[in-house]
Amino acid sequence: IIGGMGLGVIMAKIRKLSIPPVLDIASLGFLIGQCIGRWGNFVNQEAFGTATDLPWAMYSENTAIEVGGAAHPCFLYESLWCLIGFILLHFFTRKLRRYDGQTFLLYVIWYGIGRFFIESLRTDSLLTPILDLRVSQLVAAVSVLAAVVMLIIFRNRTVLTGCGSKKVMELNNSKKVSTRTNGSSKMSLPVGPPAVPFTRTA
């Protein structure tokens with residue numbers, strides 16, 4: 001995801017596109033991709049959690065070897081989490097988005113929160129050398145905190161491209177009309193009375 005995001009930013013720069021609205025669109029694609037892609041873990045019988053006797057637990061040869069029976073289907077948890085996030089952020093983007101980049105920041109928060117708790121169930125994650133946390137949990141927590149700070153910093157921002165809050169869209173349209181009107185008035189030449197030719201008499 002990070003590599004794809006970086007390449008997308010580079011391509012946006014080359015194409016001279018504004019990066020924040022591109023990230024807004026991409027974040028919805030990320031959620032759908034992660035929702036579908038996590039089922040690859042089920043096919044490979046990997047990335048499962050600790051032992052559980054819940055009705056939706058997954059059981060395979062790998063879970064029997066690793067945890068001695070059925071395990072938490074972490075792939076299913078993350079898949080459903082991403083699906084719910086896509087639905088919510090799609091509605092938010094269409095109706096409530098106030099500025100470019102806001103949907104992306106909310107995506108980072110939504111996915112980071114889900115990943116933090118889901119990773120706590122997994123048995124194959126890399127642990128940090130100092131804290132009793134998995135590396136992916138630490139990355140998720142830092143990402144969520146950074147996104148929250150940026151949401152606070154940009155809370156009064158109203159630069160919006162495309163769909164979003166109706167009030168903000170009307171505000172941006174009025175600014176564009178005002179800018180065009182001012183520009184046309186500056187370019188117009190003053191019109192005065194016609195010049196009277198001066199003739200010299202002998």
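## Basis

This is a predicted model, in which local features need pLDDT of at least 70 and side-chain atom pairs count only at pLDDT 80 or more, while totals for chains, interfaces and linings use all residues. Residues are numbered from 1 along each chain as its sequence is written, and side-chain values use heavy atoms, with hydrogens and water left out.

## Helices α5 and α6

Helix α5 (residues 74-95) and helix α6 (residues 102-119) have axes that come within 10 Å and cross at roughly 160 degrees. The two are therefore roughly antiparallel to each other (angles over 145 degrees). Helices here are DSSP runs (H or I, at least four residues), numbered from the N terminus. Axes are lines fitted to C-alpha atoms over the stretch in contact, with angles from 0 to 180 degrees between N-to-C directions.

## Pockets

A pocket is an open set of points on a 1 Å grid over the protein atoms alone, where a 1.4 Å probe fits, with protein on both sides within 12 Å along at least five of seven lines; lining residues have an atom within 4 Å of a point. The largest pocket is lined by 19 residues, with Ile2, Val108, Tyr111, Val139 and Ser143 nearest its centre. Helix α7 gives the largest share of this lining, 8 residues.

The lining of the second largest pocket includes Pro20, Tyr99, Phe104 and Arg157. Its largest share, 3 residues, comes from α6.

Technical notes: Angles under 35 degrees count as roughly parallel, over 145 as roughly antiparallel, 65 to 115 as roughly perpendicular and the rest as oblique.
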